[in-house]
Amino acid sequence: MNDSGQFLPFKDKMKALLDYWERERKDIKTGLYVWYDQLESGADNLPTSICPSNLSSCWVPGKSGLSLASSDIMTFLYREVTSYSKFLESWAKSEKDVKTKENLISSSLHYKERASGIVDSMMKYLWDEQQGLFLAYNTTTQTHVNNRVFLMC
């Protein structure tokens, strides 16, 4: 199946999900997207943060949540934003209405730029050249979490 048109009915929901992450889960200072806590990432057995969840004694309500940026969420969102951009581009090719076609192309370019921004932030804040690996980052304390783990990204 190579028909992107079959996904057109989900366009608004796809956009809503990406807009949620942009609106609610993006750290404005760094451009990094954050998990609520380490458990939300599904990496509860991988120490990607100093204080994994609200079940931990180190958790500070109102301060500890929504601060964990890691390569997995950045990779997942890059994939989703890039895919959405490609869907918009594909839908534009088959669109007959000129105005709608232009809007789809414009939106596609917007999401391509957003994907590029994800990579830029990831490389700037998560990549450690000395160690040759990506580190997690606490956006509240603006410090790296220097635990060596293997996330499947």
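Predicted model: local features only at pLDDT ≥ 70, side-chain atom pairs only at ≥ 80, totals over all residues.

Visitor: Where do glutamate 40 and arginine 25 lie?

Guide: Both lie in the loop between helix H1 (11-24) and strand S1 (68-69), so the pair ties together parts that are 15 residues apart in sequence.

Visitor: Is arginine 25 buried or exposed?

Guide: Arginine 25 has a relative accessible area of 8%, under the 20% limit, and therefore counts as buried.

Visitor: Which residue does glutamate 24 meet in a salt bridge?

Guide: The side chain of glutamate 24 meets that of arginine 23, at 3.2 Å from N to O. Glutamate 24 is partly exposed at 42% relative accessibility, whereas arginine 23, at 56%, counts as exposed.

Visitor: How many salt bridges are there by this rule?

Guide: The count comes to 8 salt bridges. One of them joins arginine 79 and glutamate 80, whose closest N and O atoms are 2.8 Å apart. Arginine 79 is partly exposed at 45% relative accessibility, and glutamate 80 is partly exposed at 33%.

Visitor: Let us turn to the helices. How do the axes of H2 and H3 cross?

Guide: The axes of H2 (residues 71-94) and H3 (residues 98-126) come within 8 Å and cross at roughly 165 degrees. An angle over 145 degrees counts as roughly antiparallel, and H2 and H3 therefore have that arrangement.

Visitor: Is the crossing left-handed or right-handed?

Guide: H2 passes H3 in a left-handed crossing. The contact of H2 with H3 has 16 nonpolar residues, along with 7 polar and 5 charged ones.

Visitor: And serine 90: in which helix does it lie?

Guide: Serine 90 lies in H2. With a relative accessible area of 27%, serine 90 is partly exposed.

Visitor: With which side chain does the side chain of serine 90 make a polar contact?

Guide: The partner is the side chain of serine 4, at 2.5 Å.

Visitor: How far apart are serine 90 and isoleucine 105 in sequence and in space?

Guide: Serine 90 and isoleucine 105 are separated by 15 residues in sequence and by 9.0 Å in space, C-alpha to C-alpha.

Terms used. Residues numbered from 1 in each chain as written. Heavy atoms only, no water. Axes fitted to C-alpha atoms, helices over the stretch in contact; angles between N-to-C directions. Helix = DSSP H or I, 4+ residues; strand = E, 2+ residues; numbered from the N terminus. Parallel < 35°, antiparallel > 145°, perpendicular 65-115°, else oblique. Left-handed = near helix turned anticlockwise from the far one by under 90°. Nonpolar A, V, L, I, M, F, W, Y, C, P; charged D, E, K, R; others polar. Buried < 20%, exposed > 50% of the residue type's maximum accessible area, 1.4 Å probe, protein only. Polar contact = N/O pair within 3.5 Å; in protein donor to acceptor, adjacent residues only side chain to side chain. Salt bridge = Lys/Arg side-chain N within 4 Å of Asp/Glu carboxyl O.
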